[in-house]
Amino acid sequence: MFALRGVVVSSSVFAMVYCLLSVAVMLAWRRIQVHALRLPVGRAANWLFRLRLLPLTGAAAVTSAFTVPSFLLLEPRSIYEPVHPGLVVFAIGGVGLGIYGLVNAAWALWRASRAISAWSLGAKPFRAANSLPALRISQAVPAMAAAGILYPRVLVSRAAERALSESELKAALNHEMAHLRRRDNLKKLLLHTVRFPGMRGLEAAWLEAIEMAADDAAVSNPAEALDLAAALIKLSRLTAADAAALDLTAAIVAGPMAIVRARIERLMDWNDARREAQGSSRLLWAYGATVALMAGLTITYSHVLTRVHAATEWLVR
């Protein structure tokens, strides 16, 4: 009974914190996006991704660092204590959220694996590209895409190879390699585990940001930026692949055409000063804040556990 009660309490706390943080992110992300857009696009993409995962990471941190330890250390094992039905409902909701996320991610992974396998039939090595494999595929779609998570590779169609010049092809390949280096396909898979109503706008903003971040990583001067812009224009004229099949891949031309046009305009207006800054002072500030937070938790941890246990006792009753 003690173990079952612990599972119910932990699952219900996870569900409550997850839902509260999800609603908070849903209400606040547009205001946060205004500040994120002032950052270099690579850093903005990272912040938007962390914001989207905040409900999951926050709920997991609260549950594992406070709820479970407080229950194990302070809850009597020898007494029978009935659990409030409402808490059971939250516990079922927490377990349901986890199962739904895993099933959703598994379904997306299976669908992407089938599509990539179909595209790769009869594929041949294309060329060495930054030590990552590239394959020439016979299908016209996708024109070019970064595919795979454990075994990443770039798929290049014959249609794209014929349409692009040597310099344009190199710029497009660099864009796809940037997606693989940033592990964007893995991040997309993680987002499938945290589906929540009202998050579409935040996810769309992140998808736009990672495309622009890959653009920035692919070029280093105005000439290369123009090559990539030309590649986007030419490849956008080819037949588009099914959006569902591209769910866990990074096609060079993906999403609404308004975003593709914005990327093209941005590349044609390339500015060397816009490239990523290291931001060492921000890193030092973040490290300092993290150390201060950990020190504060270490000092007050036992007191916090007592408070958390009192709160969960109130919930149980």
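**Entry 1: a starting question**

Does Arg266 count as buried or exposed? I looked up its relative accessibility and found 14%. Buried means under 20% relative accessible area, so Arg266 counts as buried. I also noted that the model is predicted.

**Entry 2: the partner of Arg266**

Next I asked which side chain Arg266 meets in a salt bridge. The partner is Asp216, and the N to O distance is 2.8 Å. Arg266 lies in helix H9 and Asp216 in helix H7, so this pair ties together parts that are 50 residues apart in sequence. Asp216 has 5% relative accessibility, so I put Asp216 down as buried too.

**Entry 3: Arg263 and Asp215**

I then looked up Arg263, whose side chain meets that of Asp215 in a salt bridge at 2.9 Å, N to O. Which helices hold the two residues? Arg263 is in helix H9, residues 257-268, while Asp215 is in helix H7, so the bridge ties together parts 48 residues apart in sequence. Arg263 is buried, with a relative accessible area of 1%. For Asp215 I also wrote down 1%, and Asp215 is buried.

**Entry 4: Arg52 and Glu203**

How many salt bridges does the structure hold? I found nine. One of them joins the side chains of Arg52 and Glu203, with 3.0 Å from N to O. This pair links distant parts of the chain: Arg52 sits in helix H2 (residues 41-74), Glu203 in helix H7 (residues 200-218), and 151 residues separate them. Both Arg52 and Glu203 are buried.

**Entry 5: a look at the surface**

To finish, I turned from charged pairs to nonpolar side chains. Which residues form a nonpolar patch on the surface? I listed Val68, Leu72, Leu73 and Leu74, which together have about 340 Å² of accessible area. I picked out Leu73, which is found in helix H2. Is Leu73 buried or exposed? Its relative accessible area is 64%, and the cut-off for exposed is over 50%, so Leu73 is exposed. Helix H2 therefore gave me both a buried residue, Arg52, and an exposed one, Leu73.

Notes. Residues are numbered from 1 along each chain as its sequence is written. This is a predicted model: local features need pLDDT of at least 70, side-chain atom pairs count only at pLDDT 80 or more; totals for chains, interfaces and linings use all residues. Side-chain values use heavy atoms; hydrogens and water are left out. A salt bridge is a side-chain nitrogen of Lys or Arg within 4 Å of a carboxyl oxygen of Asp or Glu. Helices (H or I, at least four residues) and strands (E, at least two) are DSSP runs, numbered from the N terminus. Buried means under 20% relative accessible area, exposed over 50%, partly exposed in between (1.4 Å probe, protein chains only). Patches are made of residues with over 30% relative accessible area and no salt bridge: like charges are joined within 9 Å, nonpolar side chains (Val, Leu, Ile, Met, Phe, Trp, Tyr) within 5 Å. Accessible areas come from the Shrake-Rupley method with a 1.4 Å probe; for residues, only the protein chains shown count as cover.
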